[in-house]
Every structure is written in structure tokens, then in C-alpha cells.
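User: I would like to learn how to read a few features of a protein model, step by step. Please give the general idea each time and then the case at hand.

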Amino acid sequence: MAGSALLRHVGGVRLFTSPAVAATRPLLAGGEAVVPGVWVRLRLLSTSSVAAREEEAAKADASKAGGEKKEVVANSYWGIEQSKKLVREDGTEWKWSCFRPWETYTADTSIDLTKHHVPKTLLDKIAYWTVKSLRFPTDIFFQRRYGCRAMMLETVAAVPGMVGGMLLHLRSLRRFEQSGGWIRALLEEAENERMHLMTFMEVAKPRWYERALVISVQGVFFNAYFLGYLLSPKFAHRVVGYLEEEAIHSYTEFLRDLEAGKIENVAAPSIAIDYWRLPADATLKDVVTVVRADEAHHRDVNHFASDIQYQGMDLKQTPAPIGYH
């Protein structure tokens with residue numbers, strides 16, 4: 001008795017309509033009054049059926065319109081709105097959602113490609129010969145398939161910046177200190193390397209076993225670099241510096257084969273034209289040239305980071321070269 005009284009007091013009247021209220025309800029089409037407690041279920045069923053009919057009508061209208069695809073706008077209860085459509089300078093619509101116009105740039109191809117850090121300390125020599133030993137199986141596996149070679153190279157090259165930026169980010173949170181801009185610089189490097197991969201995916205179509213190799217190599221390299229950065233950041237940055245030197249060498253060979261006609265100099269992918277602000281008639285040779293320049297800039301940044309720590313300083317003590325590429 002007490003429980004039923006409490007239920008009616010809290011809101012039972014709203015859920016279970018009393019006979020008196022039910023008598024005032026409109027009759028159904030059959031002329032029978034609605035049974036108390038069934039009205040809510042009938043309303044729910046009728047609402048869902050109306051929604052289903054509206055959805056079917058919308059699909060029918062879309063098919064009648066000639067099958068044209070309409071833009072789907074995702075409305076958000078949380079106040080998140082889709083950004084307005086972006087356009088290029090010529091007024092055409094910007095089609096890339098993975099990067100925006102203000103994230104594009106013109107690569108500085110005047111950088112010195114011949115610079116090399118001569119290993120002097122024991123850690124430097126270990127880093128140098130570690131990278132050299134990794135090049136040997138890569139040459140055997142890919143031979144002169146430079147498109148797929150570049151794809152593999154970029155899946156590895158995009159890892160160090162993310163790992164270094166992540167660890168510096170966590171250190172900044174733990175110690176309540178700023179990073180001197182190095183978090184952003186390393187994450188910029190990782191994003192730039194990822195865009196290299198997105199570009200070469202349009203050029204080279206990797207085979208199934210090459211995709212499998214990417215998964216295994218990335219898993220091993222990520223964990224190895226993570227541990228290496230925890231043990232010695234200066235060693236980790238030196239390894240990346242030497243990796244970038246090898247990347248410059250690989251892309252230089254790629255360019256030689258393109259110039260010699262051994263590899264077809266196809267049109268540049270549209271994603272590369274927009275990302276590096278290349279001319280509309282750019283070719284694969286232009287893409288490889290700007291990618292090689294990016295690698296040279298990453299070489300300088302990582303050797304610079306290692307030099308800072310070899311001098312006994314933290315990275316935060318020297319402002320990071322943000323936007324150096």
C-alpha cells in the first residue's frame with residue numbers, strides 16, 4: 001500500500017493513466033476506448049512508425065532526384081558544428097579533410113643535401129651503424145621499387161616524432177614545465193612524414209606482403225624507439241638524424257632513375273599538389289624533390305636536438321625550430 005502510494009506520488013500518474021483521464025482520451029478508429037496503461041505503448045509505436053515512413057519517403061525522394069549524392073550534415077547535441085566549406089585561392093572547393101589550406105607550405109629545396117654528422121662518440125657510432133645495418137635488408141627486399149620503398153620508409157620515419165613529442169608532452173605535465181616548443185616541432189615532423197606516406201600511397205600500390213611487413217616493422221620499431229628515447233634521448237635523436245641521411249640518399253637514387261627514364265615520371269598526385277603548393281602540371285619528380293628537402297630539414301632538426309643534449313642541456317633551454325621545413 002505504501003509503495004503504490006509513493007509510486008503515484010512520484011510520477012505514476014504520468015506513466016499509468018487513470019480511468020478517469022482515459023475516459024477523456026479520444027477514441028480509437030475502432031470506436032473502443034484506450035485501456036489505461038496501453039496509451040503510452042501505442043504512442044511509442046505510432047511515433048516510431050511515423051519516423052520509419054518519413055525515412056522511407058526521404059529515400060524515395062533521393063532516388064527520384066536521379067541518385068544524386070546529398071551532403072550529410074551530422075548535427076551534434078553537444079554544440080559541435082561542421083566547419084564551413086573551405087575554398088582555394090581560385091574559388092574552387094577544398095576537398096581535403098586530412099589537412100587544411102593553412103597547413104600547406106612551399107618546401108625550401110635550397111637546403112644543403114650533402115651535410116653529414118661524422119660519428120665521434122661511442123653512442124654516435126652505435127647509432128650510425130645501427131641505421132646502416134637496417135639499410136642492407138631494405139635494399140635486398142625492395143630492390144629498385146622506389147615507390148614501395150618510400151612507402152615503407154615513411155611508415156618508419158613518422159614514428160620518432162610522435163614518440164618524442166608524446167614523451168616530452170608527458171614530461172611537461174609531470175614536471176609542470178614548458179618544452180621550448182619541442183613538442184610541437186616533433187609532432188609537426190611526424191605529421192609531415194605521414195603526409196609523405198599519404199602521397200606515395202597514391203603512387204605505389206603496395207602488395208599484401210608489403211603491407212604485412214609494414215605492420216610488423218612499425219610494431220618493432222615503435223617499441224624499440226620508445227625504449228631508446230627513455231634511456232637516451234640524445235641517442236634516439238642521433239638515430240633519426242642518420243635515418244634521414246639515408247632517406248636523402250634513397251630519394252636521390254629515386255630522382256636519378258626518374259631522370260634516366262627508368263621510372264615513368266607520372267603526374268603528381270593531387271594531394272601532393274595541394275600540400276606542397278606545387279603547380280598544376282607538377283610531376284612525380286617534383287614531388288620526390290620536395291620530399292627529399294623535407295627529409296633534409298628533419299635531419300638537421302634531429303642532429304641539432306642531439307647536439308643540445310650532448311652539451312648537457314635540456315631541449316627546453318633552446319627554442320625549437322618550429323616550421324623549419
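User: Are α8 and α10 roughly parallel or roughly antiparallel to each other?

Analyst: A word on the source comes before the answer: this is a predicted model, in which local features need pLDDT of at least 70 and side-chain atom pairs count only at pLDDT 80 or more, while totals for chains, interfaces and linings use all residues. Residues are numbered from 1 along each chain as its sequence is written, and side-chain values use heavy atoms, with hydrogens and water left out. In general, two packed helices are described by the angle between their axes and the distance between the axes. Axes are lines fitted to C-alpha atoms, for helices over the stretch in contact, and angles run from 0 to 180 degrees between N-to-C directions. Angles under 35 degrees count as roughly parallel, over 145 as roughly antiparallel, 65 to 115 as roughly perpendicular and the rest as oblique. Here helix α8 (residues 233–260) packs against α10 at about 160 degrees, with the axes 8 Å apart, and the two are therefore roughly antiparallel.

User: How many helices and strands does the chain have?

Analyst: Helices (H or I, at least four residues) and strands (E, at least two) are DSSP runs, numbered from the N terminus. By that rule the chain has 10 helices and 0 strands.

User: Is Trp78 buried or exposed?

Analyst: Buried means under 20% relative accessible area, exposed over 50%, and partly exposed in between, with a 1.4 Å probe and protein chains only. Trp78, in the loop between α3 (39–64) and α4 (122–142), is exposed because its relative accessible area is 72%. Trp129, which lies in helix α4, also counts as exposed, at 57% relative accessibility. For the chain as a whole, 38% of the 325 residues count as buried.

User: Which residues have a positive phi although they are not glycine?

Analyst: Among them are Phe176, with phi near 55 degrees, and Arg277, with phi of about 55 degrees. Phe176 is found in the loop between α5 (146–175) and α6 (182–203) and is exposed, with a relative accessible area of 77%. Arg277, by contrast, is partly exposed at 48%, and its place is the loop between α9 (270–275) and α10 (284–310).

User: What can be said about the C-alpha atoms of Trp129 and Pro119?

Analyst: These two residues are 10 apart along the chain, and their C-alpha atoms are separated by 9.6 Å.
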